[in-house]
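This briefing walks through selected parts of one structure, sheet by sheet and then residue by residue. Please keep the sequence and the model open while reading.

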Amino acid sequence: MALDVNDVVPEVARPFLARAGGMLIGSRWVRDTSAGELAVEHPGDGSVLTSVALAGPAEVDQAVEVAQQAFRRWSGVSPTQRAAVLFRLADLMERHALELATLESLDVGKPILTTRMIDVPFTIDTLRYNAGWATKLTGEAYELAGHGGLVSAQTVRQPLGIVAAIVPWNFPLLQAVMKVSAALAAGCVVILKPSELTPLTALRLGELGIEAGLPPGVFQVLPGRGDVAGEALVTHPGVHKVSFTGSGTVGRHVAHRCVETFKRVTLELGGKSPNIVFADADLPRAIAGSAQAIFFNAGQVCYAGSRLYVEDAVYDEVVEGIVAIAGRMTPGMPLEEGTDIGPLVSARQRERVLAYVQTAADEGARVLCGGHALDRPGYHVAPTIIADVREDMTVMREEVFGPVLCVSRFARQNDVIASANASRYGLAAGVWTRDGRKAQTVARALRAGTVWINQYHTIDPHMPFGGWGESGWGREFGRAGVEAYTETKSIAMRL
């Protein structure tokens with residue numbers, strides 16, 4: 001059904017929704033495209049928010065041609081000037097924070113409290129952090145001996161060129177900004193392809209980028225399908241780097257395509273993250289943290305703590321505590337202030353999650369709570385906890401990407417480390433214990449890019465983030481996240 005924005009959408013988001021629809025190529029908003037349009041749904045009730053133009057190969061060609069000219073200009077802009085523009089963009093985002101939070105909630109289905117208090121402020125912090133790196137990317141100097149005289153050598157970091165940033169639907173604004181701001185700070189130019197499911201904040205970001213003073217073509221936004229616009233970007237000979245966040249299946253395809261033309265590539269892929277609770281943990285804190293580890297954003301988080309391992313002595317207490325929290329959670333519409341857990345992003349995602357729960361039951365697991373769709377409009381799934389799981393079960397091996405927690409017990413430290421590492425993924429992990437030595441020993445033994453001790457979900461723009469194994473290649477955030485958009489050049493001069 002069509003959504004009447006004048007009745008349902010808050011005033012702060014109405015102006016943008018009324019004009020949304022075009023993609024940003026250069027400094028022009030293009031609506032008439034080769035791939036047509038797609039309706040953008042509100043996951044809370046399945047209503048249509050607006051429709052957006054989809055990019056095809058023709059629009060990708062146009063954007064790359066514009067980007068080639070823009071890169072010649074932007075890479076020559078001083079680091080101080082690049083930083084200034086990015087800081088202005090951060091200020092504009094702060095000024096429009098409520099609008100951005102509202103659009104993100106409408107588009108993704110997240111509770112407004114989450115987007116207003118977490119997503120948007122953290123995104124702005126990330127932008128400011130990366131902006132600061134524009135003036136701090138340096139090389140090194142050497143004096144070389146043994147070359148028939150004194151040779152002075154240095155390294156310099158230079159921008160890679162045109163970047164295709166392909167982002168998923170679960171954190172569309174944050175994912176866009178973390179990639180775009182790092183690349184622009186390094187002197188690259190960016191073509192952003194948001195998910196066709198959640199393009200709204202990316203398009204609004206494009207508007208704010210123009211207002212902040214980004215030159216035409218430095219930052220372009222092309223909504224489109226992955227197998228059309230995404231494929232065209234990944235295979236385009238004019239694109240020098242791909243930064244992709246998404247599923248392992250698509251990530252593997254992206255990697256193969258990038259190898260064909262030796263494009264640089266960063267992949268932030270899936271996870272099946274273990275979360276370990278020892279008997280000596282602060283149990284109230286561990287119970288609350290473990291529930292948040294899986295139910296935040298309705299489990300639609302790549303590093304969600306979806307595999308919970310609990311030591312025998314406290315297993316019943318921990319499981320009962322998390323079941324109680326799940327039972328108290330208030331599902332609801334994203335813009336309702338009392339909502340604890342929002343809907344999944346789409347009907348397809350809801351059916352996918354429920355199919356995993358049914359498979360777990362068929363394989364012998366026991367569903368302690370949830371496991372069903374809620375009887376209300378939209379794509380809501382009840383918080384679900386599954387016990388009696390084995391390591392070989394589908395639900396323990398594959399990423400569900402929903403509010404589904406698998407619980408297993410353990411008796412020995414070495415055994416739980418082995419179980420936690422028995423996954424092709426290696427994105428994140430959690431450890432709960434009062435014993436500092438044990439915490440550090442286990443953290444170092446876990447095959448994961450990030451390990452949290454007595455906490456979960458701690459992400460910071462200063463701290464590099466990325467995975468091992470099939471969770472991806474490379475790192476985002478921190479100095480490493482910006483340097484990933486540069487090449488190192490060595491220069492040697494005889495004195």
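Three strands, in the order 5-6-22, make up an open sheet whose pairing is antiparallel. Strand 5 (141-144) and strand 22 (486-494) stand at its edges with a single partner strand each, so one side of each is left without a neighbour in the sheet. The twist in this sheet averages 25° from one strand to the next. The model is a predicted one, in which local features need pLDDT of at least 70 and side-chain atom pairs count only at pLDDT 80 or more, while totals for chains, interfaces and linings use all residues. Residues are numbered from 1 along each chain as its sequence is written, and side-chain values use heavy atoms, with hydrogens and water left out.

**The antiparallel sheet**
- Strand 5 pairs with strand 6 (residues 151-159) in the antiparallel sense over 4 bridges, where pairing requires that DSSP finds at least two bridges between two strands.
- Within this pair, Leu-144 stands opposite Val-151 of strand 6.
- Strands (E, at least two residues) and helices (H or I, at least four) are DSSP runs, numbered from the N terminus.

**The mixed sheet and its helices**
- An open sheet of 7 strands has the order 14-15-16-13-12-18-19, and its pairing is mixed.
- Strand 14 (366-369) and strand 19 (450-453) are at the edges of this sheet, each with a single partner strand, so one side of each is left without a neighbour there.
- Strand 12 (residues 274-277) runs parallel to its partner, strand 13 (residues 307-311), over 4 bridges, and Val-277 has Val-310 of strand 13 as its bridge partner.
- Helix 12 (residues 315-328) lies across strands 12, 13, 14, 15 (384-387) and 16 (404-410), running at about 170° to strand 16; axes here are lines fitted to C-alpha atoms, for helices over the stretch in contact, and angles run from 0 to 180 degrees between N-to-C directions.
- Helix 15 (residues 413-420) lies across strand 12, strand 13 and strand 16, at about 175° to strand 13.

**Asp-316**
- Asp-316, which lies in helix 12, is partly exposed with a relative accessible area of 49%, the class between buried (under 20%) and exposed (over 50%) for a 1.4 Å probe and protein chains only.

**Ser-51**
- Ser-51 is found in strand 4 (residues 47-53), and leaving aside neighbours within four places in sequence, its contacts (heavy atoms within 4.5 Å) include Ala-20, Gly-21 and Val-40.
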